[in-house]
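Reader: I would like to learn how to read a structure like this one, beginning with the charged side chains. Could you take me through it step by step?

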Amino acid sequence: MPDSLSTLLSVQPLNPAIGAVVRGIDLAQPLGDATIAAINRALLQHHVLFFEDQELNPAAQRDFAARFGALHVHPVYPHVKEVPEIIILDTHPDNQPDNDNWHTDVTFIETPPLGAVLAAKQLPPFGGDTSWSSTIAAFEALAAPWQGFLTGLTALHDFAKSFPPERFTAPEERERWQIARDKNPPVIHPVVRTHPATGRKGLFVNEGFTTRILGFSVKESDAVLRFLFDHVAKPEFTVRWRWKAGDVAFWDNRCTQHYALADYLPNRRVMHRATILGDRPV
């Protein structure tokens, strides 16, 4: 597709802190380098982008996401058989939601994801929204003494916090969990991360995977983390998306957290996600 498409993109911000709707593009079509660059610029500015009225099959979703980097294959979640880079998030009464907390994806690895592309496949008749928070806006809203206190600290991120062994009871599930656990021991990341593309600083702890700030007692760490988890969730830093058929979200995982609302049971919700690997946080 000609790169001139980049000049036709419409980017409509949803609020000053985070979120924009992008129109004038078909993600299932081959996209030129200038168009990819325009999407990346919008992502860096708005942190999460929403594309409506898309017909994105798993292969097309993988191919679009791969324009931004190598893709991660999740060690636990099921995936599309022919496209292992696309994980299936299928939640219903027999498979309870596990993303209904504020988290940043896959921070339990040394090089957490750059971003992720999420496509709605089956939606409940109501409910099932997702909210995103800007961790850059959250950091910048802290008083200068707090910013100075947090800068330079490090924290432990643990796969088992969101994926505890008791969740996996069938023998084949437990075996898969043990392999994933062995391959993903706890890792250390900075509490305040400098974005590699923009240089802006943001909080890089999340309720899904961060277990402890190093150098603190358990009580001290818990108190600071509880404050930061609550702070990131303030509505001023967030955007909430009400999913429709054909919607696709693309977020910068380096400077956001998200929360998938679990308010639709006993209905079913099916989403497909491609996860783009990033670099080591600094």
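Author: Let us begin with the general idea, which is that side chains of opposite charge can pair when their charged atoms come close. A salt bridge is counted here when a side-chain nitrogen of Lys or Arg lies within 4 Å of a carboxyl oxygen of Asp or Glu, and by this rule the count comes to 17 salt bridges. Please keep in mind that this is a predicted model, in which local features need pLDDT of at least 70 and side-chain atom pairs count only at pLDDT 80 or more, while totals for chains, interfaces and linings use all residues. Residues are numbered from 1 along each chain as its sequence is written, and side-chain values use heavy atoms, with hydrogens and water left out.

Reader: Which residue forms a salt bridge with Arg280, and where in the chain are the two found?

Author: The partner is Glu110, with the closest N and O atoms 2.6 Å apart. Helices (H or I, at least four residues) and strands (E, at least two) are DSSP runs, numbered from the N terminus. With these names, Arg280 is in the segment after strand E17 (269–277), whereas Glu110 is in the loop between strand E6 (83–91) and strand E7 (113–122), so the pair links distant parts of the chain, 170 residues apart.

Reader: Is Glu110 buried, partly exposed or exposed, and what are the cut-offs?

Author: Buried means under 20% relative accessible area, exposed over 50%, and partly exposed in between, with a 1.4 Å probe and protein chains only. Glu110 counts as partly exposed because its relative accessibility is 36%.

Reader: Which residue pairs with Arg240 in a salt bridge?

Author: Arg240 pairs with Asp129, and their closest N and O atoms are 2.9 Å apart. This pair also links distant parts of the chain, since Arg240 belongs to strand E14 (residues 238–241) and Asp129 to the loop between E7 and strand E8 (130–134), 111 residues apart. Asp129 has 5% relative accessibility, and therefore counts as buried.

Reader: What joins Asp252 and Arg254, and are they buried or exposed?

Author: Their side chains meet in a salt bridge of 2.9 Å, N to O. Asp252 is buried, with a relative accessible area of 0%, and Arg254 counts as buried at 9%. Salt bridges can also form a network, and one such network links Arg23, Glu52, Lys244 and Asp247.

Reader: How should I read the surroundings of a residue such as Phe216, and what does it touch?

Author: Contact means heavy atoms within 4.5 Å. Phe216, in the loop between strand E13 (210–213) and helix H7 (218–232), is buried, with a relative accessible area of 16%. Not counting residues up to four places away in sequence, Phe216 touches Phe149, Leu153, Ser221 and Val224.

Reader: Where is His46 found, and which residues is it in contact with?

Author: His46 is found in helix H1 (residues 33–46), and it is buried at 9% relative accessible area. Leaving aside neighbours within four places in sequence, His46 is in contact with Val11, Pro13, Ile18, Gly19 and Ala20.

Reader: How many helices and strands does the whole chain have?

Author: The chain has seven helices and 17 strands. The radius of gyration, taken over C-alpha atoms, can be set against the globule rule, which is 2.2 Å times the number of residues to the power 0.38. For this chain the radius of gyration is 18 Å, close to the 19 Å that the rule gives for 282 residues, so the chain is as compact as a globular protein of that length. Buried residues make up 52% of the 282 residues.
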